[in-house]
Amino acid sequence: MIRENHRGFKFDWVTIVLFLLLVGFGYLNILSASHVGEVTNYFDTSELYGKQLVFLGLTFVLIIFILSFEAKFYERFASIIYLVAILSLIGLFIFGKDVNGARSWYGIGSMTIQPSEFAKFATALAVAKYISDLQTNMTTLKDQVRVAAIIFIPALLILLQNDAGSTIVYLAFFFVFYREGLQQVYLVIALSLIILAVLGLKFGVLITVLVVVTVLTFVYFFRKKKRGSILQYVAALIVAIAFSYGIKLFYEHGLKTHQQNRISLWLRLEKDPAKLERMKKEEAYNLIQSEQAISSGRITGKGFLQGTRTTGKFVPEQETDYIFSTVGEEWGFIGTSFVVIIFVVLIVRILYLAESQKSQFSRVYGYGVASILFVHFTINIGMVMGLIPTVGIPLPFFSYGGSGLWGFTILLFIFVKLDSNKINEW
Amino acid sequence: MRKLLLLTSVILVGLVFIARLFYLQVYDNTVYNIFEDNAIRKEYNYPKRGYVYDRNGKLLVANQPSYDVMVIPREVKPLDSLEIKEFCSLLKITREDYDKKLDRATRYSPRLPSPFVPQLSKKDYAVLQEKMRKYDGFYIQKRSLRSYQTNIGANVLGDLGEVNRKTIQNDPYYSLGDLIGKQGIEKTYEKTLRGVKGIKFIQKDRFNKNIGPFKEGKLDTLPQAGKDVTITIDSELQAYGELLMTNKHGGIIAIEPSSGEILAMVTGPSYNPNLLVGRDRSKNFTKLYNDSIAKPLFDRGLQAMYPPGSPFKTLNALIALQEGVVTPEERFSCALGYRYGNRKMGCHHHISPVNMNIGIYESCNSYFANVYRRIMDKYDSPAEGMDNWSKHIKSFGLGNYLNNDLAVGQPGKVPSAETYNRGYGKNRWYTTFTLSNSIGQGEVLATPIQLANMAAAIGNRGYYYTPHIIKNIEGDTIPEAFRTPKYTTIDKRHFEPVVQGMYDVYNKGTARSLQVKGIEISGKTGTAENFAIIDSVKTQLTDHSIFVAFAPKDNPKIAIAVFVENGYFGSRFAGKMASLMIEYYIKGEITRKDLENFVLRYSLEHEYEKPYLDEPFGINRQTKLDPIEEEEFQNLLKLKAEIPKS
């Protein structure tokens, strides 16, 4: 292949081109979503699009910086990088700045930095480092607990800072663990719990129990050889009932009102028209506006800078979490499916490269990158189109913001560097 | 296998997303329409509606500004009761009205503007304008209303009303609250008069604030002013006609035969066009609409179909000459009627035997019964004869819509063989069955405008122009159809004896008392039997008085038909009114004061009340003339003196 024959081009250019397409197209949409009136100066840093251009410029400096390190550096210093990230998260409790109720930012002059965006790649490095250790065996409970702790610590810190959305992202590492040998039963349990939770909330505990009993009975009679003790089934049933109740209690008392309402809207639990009407103006407002913006773009879109709802700022936070609605309105179905396809191709490309790595560290890290991008992609675009409940996390490379852009760039380009090094590893 | 979990998840999610996007952006195929986009505010700029002038250049209809309070329900910010109270008092409505109006607007559409309180006075507008900013979702739309410069011609000029929802659905030009021509010339020349409204697209933000023109105003349009029109009506003659029609029901149509231009189009009773302008329009309209006895909204000149009576005889004379079945000199005897089988069609006392000339000026029924039978019997079967006759009659514009530029009309009725085949069975009828057609009773029905047009065709000796109301459109031409003569099936040479007969109606016939010095008038009286259904019983009422004329006899300047309901014989009311109209138009003054005094002094209101009085009443011979109060009469004379001269 090209990159093996020419030492100067040893980086995976497919990944780099996909990255460039995303940040380039992302910038155009941020320009659209944030401009007011005529754009006279693209470098005007008092405007969001101007700032984003500066962030983009610095990104390229950052890339050169990342690629110039030895590949071994990242493996060797993974633990230290992780430690720094955790410290920076802890530091938020003392030096952090509240924005929108979340204590996720450091303020340095007029700049703000969100350490949780950098904690992702640090955690991915730490996980890769731990799993690739020769002593580690992911099928043992001991290692499972330890590796879970690695992701649990940053996740908990972020949750405590009131940024539930970013916490959810750490679930991405499940894909990594599963790939590296976590038992099948965890997958079954995880899926069962998700189904139980949705069933319990949507249809109530009673119906859920009925469904569980039916399923267990089927399983019992179809697994003639390995059906095991009947007590196991009873235990499973009890756990299922307890879980459904637990979820219900958690939904009613453990969640904040706005979180409750988001789930209620998604599962269409609220029947009271007056409350629904109020929700339409509050929790669902963003979603309704964003869906309208997307669908008003039709096939070809209204054209760059021509979106009426984008120009009118109808979708709040359109340049950050809701940036995809700009794509929908101005570039239409052609633009949105282009973005979806680029993301899918990028993630699949990373997976393909990860699988072809010779070192386990690189492979696990690559998997971590793909998983994190996948979760962001799924949650963000799913939320903007109303497929999943509202969770405020950015669309990688697209959403406005320096920390996010740099966090994802570092995440991706460490992998690009690791990948470029694989011919040297025998 | 473990490698596949994330890979399949990624591809699955990608597919689900594209499917969802397809559903949102492609499948759901409501086309993007800027008018539906609530991110874009549409501001309308209404052009000046075209003025209307009469044939002498007198301004009849102009404009006045009007201010509508409009509402876009979804943009209305909840107001506290104190604010609502203040708003209501500014608008001069009650709290209940406020809720009701808002509710109605919301039901129509929460997104589109609806009129909230239409047509504010200038004073209310001035006060409100200052405070309007406080009430989100409400705004003031400037429009222009009509301002009538005259009290006459309501049926000619028509009026403007709010466009209804059905029209909006069929014609996207209109939006709720727009005004559209509802009657008269406003309706037929709506597109010419209204112009094209201008529109400004303004980008809003989500707080409903304007943030600038949409696409730098590239899609904005400027209003195009409506075109002024000149109509064929002579407003002086119209005013005089309306005056003569006071206290009577009926219609007068006057046409210029050389062009088909309608000089006057009177219906009685009428109303003041100013009633249908402004905030009281719907109240006044309902009142007029519900008056089921006088029916002021019913244009009797255009819509009332009556049996034409004796004037119709002139057509039978013309057809007989064209068909060559009689000569003008041929005489028929008349012994107080025409006998056929054991039946008789009565006639009045006059000299006998009669030729065509006497037949016309004495209006002899026997003569026309004979002539009619000759026309029919020329052909082998009654059906053939009937169809041939019918074709001649229709060539005078009877029995069908005139296809002109008036908002309303009726086709009238001219029977054909088919009519009688349906009634009696195929070929099971004879000429005697249809004999009433010879004297304009039978199955023939015509509107006054059709009779006036018939008079014009006779005056022109064989052709007519479709009677029309448009004389001139600013920067445009009038339709070709109004400038092309339509020829009747009668050759020119056959007209002279008939015209002479009609002239002799004035010289020695039924209208000799109606002569006007210095004007040679050809005319024909008519009297049509009048039946009405009263309490589901067919009852005969006093005859309708009819008169058809044109003058001067050669190269006529005016052709006229007058119809006065329950006026009794032709010369009693209709004839006098026709003579007066002709004199007024040609001379510009009235010398026959006696005729004028008679017409103005006597009311027919008592005749129209008879069927509703619940007591026996006499008709025709038993009817008496009913003079109006002297004071009212003096008032009418004063009104006449006040008709503005051009």
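**Figure 1. A:Phe338 lies in helix 17 of chain A, which spans residues 323–355.** The model shown here is predicted. A:Phe338 has 15 C-beta neighbours inside 10 Å and therefore counts as partly exposed; a residue would need 20 or more to be buried, and 12 or fewer to be exposed. A:Val327 is 11 residues away from A:Phe338 in sequence, and the C-alpha atoms of these two residues are 9.8 Å apart in space.

**Figure 2. Helix 2 and helix 3 of chain A cross at roughly 160 degrees.** Helix 2 covers residues 13–34 and helix 3 covers residues 48–68, and their axes come within 8 Å. An angle over 145 degrees counts as roughly antiparallel, so helix 2 and helix 3 of chain A are roughly antiparallel to each other. The crossing of helix 2 of chain A past helix 3 of chain A is right-handed.

**Figure 3. Residues of helix 2 of chain A meet residues of helix 3 of chain A.** Helix 2 contributes A:Val23, A:Tyr27, A:Ile30, A:Leu31 and A:Ser34. On the side of helix 3 are A:Leu48, A:Tyr49, A:Gln52, A:Leu53 and A:Leu56. Sorted by class, this contact has eight nonpolar and two polar residues, with no charged residues.

**Figure 4. Chain B touches chain A through 31 residues of chain B and 36 residues of chain A.** On the side of chain B, the elements that give two or more residues are helix 1 (4–27), strand 8 (198–204) and strand 9 (210–213). Helix 1 of chain B supplies the largest share of that side, with 16 residues. By class, the side of chain B that touches chain A has 17 nonpolar, five polar and nine charged residues.

Technical notes: Residues numbered from 1 in each chain as written. Chains lettered and ligands numbered in written order. Predicted model: local features only at pLDDT ≥ 70, side-chain atom pairs only at ≥ 80, totals over all residues. Axes fitted to C-alpha atoms, helices over the stretch in contact; angles between N-to-C directions. Helix = DSSP H or I, 4+ residues; strand = E, 2+ residues; numbered from the N terminus. Parallel < 35°, antiparallel > 145°, perpendicular 65-115°, else oblique. Left-handed = near helix turned anticlockwise from the far one by under 90°. Contact = placed C-beta atoms within 7 Å. Nonpolar A, V, L, I, M, F, W, Y, C, P; charged D, E, K, R; others polar.
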